[in-house]
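Please find below a colleague's note on the structure shown.

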Amino acid sequence: MIKNKLCNLAVITSLLISSNLAAKELKSFDLPFFKGQKSLSLNSAVSNQKVVLNFWASWCTACIKELPELEALKKKYPKVLFVGINAGESKKKIKRFLKRYKFSYSIVEDRNRVYSKSVGVVELPQTIVLGKNRKILFRGNRPPKEL
């Protein structure tokens, strides 16, 4: 009973955060790529293109289930930048996950979930679609059907 109430509270909190962030600007980030020494800056990535940010973790079964949907969207919209943001895991866990499940887009690390928490990502998976000036066009626990 308590578990159900907590789950309902998490869903309500997520909906409230989502409704408050709709059409607002998403906070920028500068997060390291999983592979390599460089980092990705959201400010420079957005420029004149849409960006799909997908927050995920290796333990998240819903994250695994949505991979085919994300890959299909990426294939359908090749000019959109897709970025997977791993929420708080070690390089070892990420590497093991990526060997088993293939991503065709860039992976960045939010090592301590500082960025995720700062933009209201309280549960995984979470997909955010951004337009120009980092305006939030979509936010949800499942990827959108269309971009």
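The points below concern a central strand, a helix and a group of aromatic rings.

1. Basis of the note. The model is predicted, with local features requiring pLDDT of at least 70 and side-chain atom pairs counted only at pLDDT 80 or more, whereas totals for chains, interfaces and linings use all residues. Residues are numbered from 1 along each chain as its sequence is written, and side-chain values use heavy atoms, with hydrogens and water left out.

2. Burial of β3. Helices (H or I, at least four residues) and strands (E, at least two) are DSSP runs numbered from the N terminus. Strand β3 spans residues 51–56, and six of its six residues are buried, so the strand is largely enclosed by the rest of the structure. Buried denotes under 20% relative accessible area, exposed over 50%, and partly exposed in between (1.4 Å probe, protein chains only).

3. The two sides of β3. In a regular strand the side chains alternate between the two faces of the sheet. Here V51, L53 and F55 point one way, V52, N54 and W56 point the other way, and all are buried.

4. Strand partners. Two strands are taken to pair if DSSP finds at least two bridges between them. β3 pairs with β4 (residues 81–87) in the parallel sense over six bridges, and G84 in β4 is the bridge partner of N54. β3 and β6 (residues 126–130) run antiparallel and are joined by five bridges; L130 in β6 stands opposite V51.

5. Helix α4. In α4 (residues 67–76), the buried residues are L67, L70 and L73. Viewed down the helix axis they fall within an arc of 125° and so line one face of α4; the arc is that of the directions from the helix axis to the C-beta atoms. The face turned away from this buried side carries the exposed residues P68 and K75. The cover over the buried residues, with contact meaning heavy atoms within 4.5 Å, includes β3, α3 (61–65), β4, α5 (91–100) and β6.

6. Aromatic rings. Rings of Phe, Tyr and Trp (its six-membered ring) pair if their centres lie within 6.5 Å; planes under 30 degrees apart count as stacked, over 60 as edge-to-face and the rest as tilted. The structure holds eight aromatic pairs. The ring centres of F97 and F103 are 6.0 Å apart with planes at 50°, so this pair is tilted. Those of F103 and Y105 are 5.1 Å apart with planes at 80°, so that pair is edge-to-face.

7. Aromatic cluster. Ring pairs link W56, F82, F97, Y101, F103 and Y105 into a cluster. Among these residues, F97 is buried at a relative accessible area of 6% and F103 is buried at 16%; Y105 is also buried.
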